[in-house]
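Here are some notes for a colleague who is meeting this structure for the first time.

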Amino acid sequence: MLCYEGVPCVYKRGSNPYFPVKLHIAAADSLGVRSMATLVEAKGLKVMIDPGAALGPRRYGLPPHQIEELALALAKEKIRELVRGADAVVFTHYHWDHYDPELPLEGKTVVVKDPEKHINRSQRARAKLLRCPYIAGDGKSIDLGPEELVVSPPLPHGPEGTKLGYVIAVKVGEVLYSSDVQGPVSGAAAEWMIEQDPKTIVMDGPPTYFLGYRFSRENRDAALRNLERIMGSTGVKEIVLDHHLLRDLDCEERFPVKETAKEYGVRVLTAAEHGGREGLHLEAWRRMLWKGEKSIGAAQVRRAYHGGEG
Ligand SMILES: [Fe+2]
Ligand SMILES: [Fe+2]
């Protein structure tokens, strides 16, 4: 069965409408790698979003520590395992921490950020590496059988006018997933999220480690205001805020969202906290790791990827 010009349609497995929506965040910055790879399971349909992972090439002038290399290997292994069992795969854009064209995607519905429109040159070139049939999802609602995949129009990768290009966000069941919208700093991204009225949001927090130079205080304040609008205008109960935000040791002070969230009865947490796992903010800790001021054992990293999150 095919739904869009040669793209396999996933409506093949027995769906169970009594399944609750399940969320498994496979890898994230709070688990030691640059990633937001997330599996959403709704009515028996498994959608893997942004199955990619990478390490920051330089941080504090330092290359990745060996414990980060281990976390990356384990994250990629976990992502491959989850992709194998997924019915559909989404790539919200073509940065390597979200995208891997080498994954085995045969027989899956693949939905991507439109590689022709609203895209910068480097991401357009990377998109060409994808060799399987795909649906350019921007602005579409895609019928995946038991559930619909609602895709946003292209949203800026951070502040309006950024050179980093555009991303798509998606909603599956009651879960909204939005990579690299940094907060969201853009009003357009916030508007779209409010229209979707999700219960759970998985989102990239702003890059406060660049605060005052590559990310302005005005942008940070806009992200805080937008998040508050989302909390006040939707029925959201839980926001997993991770990725860029977790690269900053002082992120809680520089982006004080948790207090506001309490007033709205919303839980804001990291991907590690969501999965009941130990936080491994390895990139933020890199200088301490290299200096020997902090020691993380291989067993701790293995637990983060093999400790049984449901
Ligand atoms: Fe990105
Ligand atoms: Fe990213």
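Predicted model: local features only at pLDDT ≥ 70, side-chain atom pairs only at ≥ 80, totals over all residues.

1. A residue is called buried if 20 or more other C-beta atoms lie within 10 Å of its own, exposed if 12 or fewer, and partly exposed in between. Along the chain A54 is 10 residues from G44, and in space the C-alpha atoms of A54 and G44 are 29 Å apart. If residues up to four places away in sequence are not counted, A54 touches V33, R34, W96 and D97.

2. When neighbours within four places in sequence are left aside, the contacts of G137 are with V111, V112, I142, V151 and I168. N120, which is 17 residues from G137 in sequence, is 17 Å from G137 in space, taken from C-alpha to C-alpha.

3. A284 belongs to the loop between helix 7 (271-274) and helix 8 (286-291), and, with 23 other C-beta atoms within 10 Å, A284 is buried. Although A284 and L249 are 35 residues apart along the chain, their C-alpha atoms are separated by 5.8 Å. L249 is also one of the residues in contact with A284, together with L246, R247 and D248, once the neighbours within four places in sequence are set aside.

4. K43, in the loop between strand 4 (38-42) and strand 5 (45-49), has a positive phi of about 50° although K43 is not a glycine. The residue counts as partly exposed, because K43 has 17 C-beta neighbours inside 10 Å. D197, in the loop between helix 3 and strand 15 (200-204), is likewise a residue other than glycine with a positive phi, in this case near 45°. With 14 C-beta neighbours inside 10 Å, D197 also counts as partly exposed.

5. The peptide bond that joins G183 and P184 is cis, with omega about 5°. P184 is found in the loop between strand 14 (175-178) and helix 3, and helix 3 is taken up again in the next point.

6. How do helix 3 and helix 4 pack, and at what angle? Helix 3 (residues 187-196) and helix 4 (residues 217-233) pack at an angle of about 15°, with their axes 10 Å apart. The two helices are therefore roughly parallel to each other, since angles under 35 degrees count as such. Their crossing is right-handed. On the side of helix 3 the contact is made by G187, A190, M193 and I194, and on the side of helix 4 by N226, R229, I230 and S233. Sorted by class, the residues of this contact are four nonpolar, three polar and one charged.

7. Helix 9 (residues 298-306) has V301, A304 and Y305 as its buried residues. Because they cover an arc of only 90° around the axis, these residues are on the same side of helix 9. A299 and H306, on the other side of helix 9, are exposed.

8. Helix 1 passes helix 9 in a right-handed crossing. Helix 1 brings I67, L70, A71, L74, A75 and K78 to the contact, while helix 9 brings A298, V301, R302 and Y305. These residues divide into eight nonpolar, no polar and two charged. V301 and Y305, which belong to this contact, are also among the buried residues of helix 9.

Key. Residues numbered from 1 in each chain as written. Chains lettered and ligands numbered in written order. Helix = DSSP H or I, 4+ residues; strand = E, 2+ residues; numbered from the N terminus. Arc of directions from axis to C-beta. Left-handed = near helix turned anticlockwise from the far one by under 90°. Contact = placed C-beta atoms within 7 Å. Nonpolar A, V, L, I, M, F, W, Y, C, P; charged D, E, K, R; others polar. Axes fitted to C-alpha atoms, helices over the stretch in contact; angles between N-to-C directions. Parallel < 35°, antiparallel > 145°, perpendicular 65-115°, else oblique.
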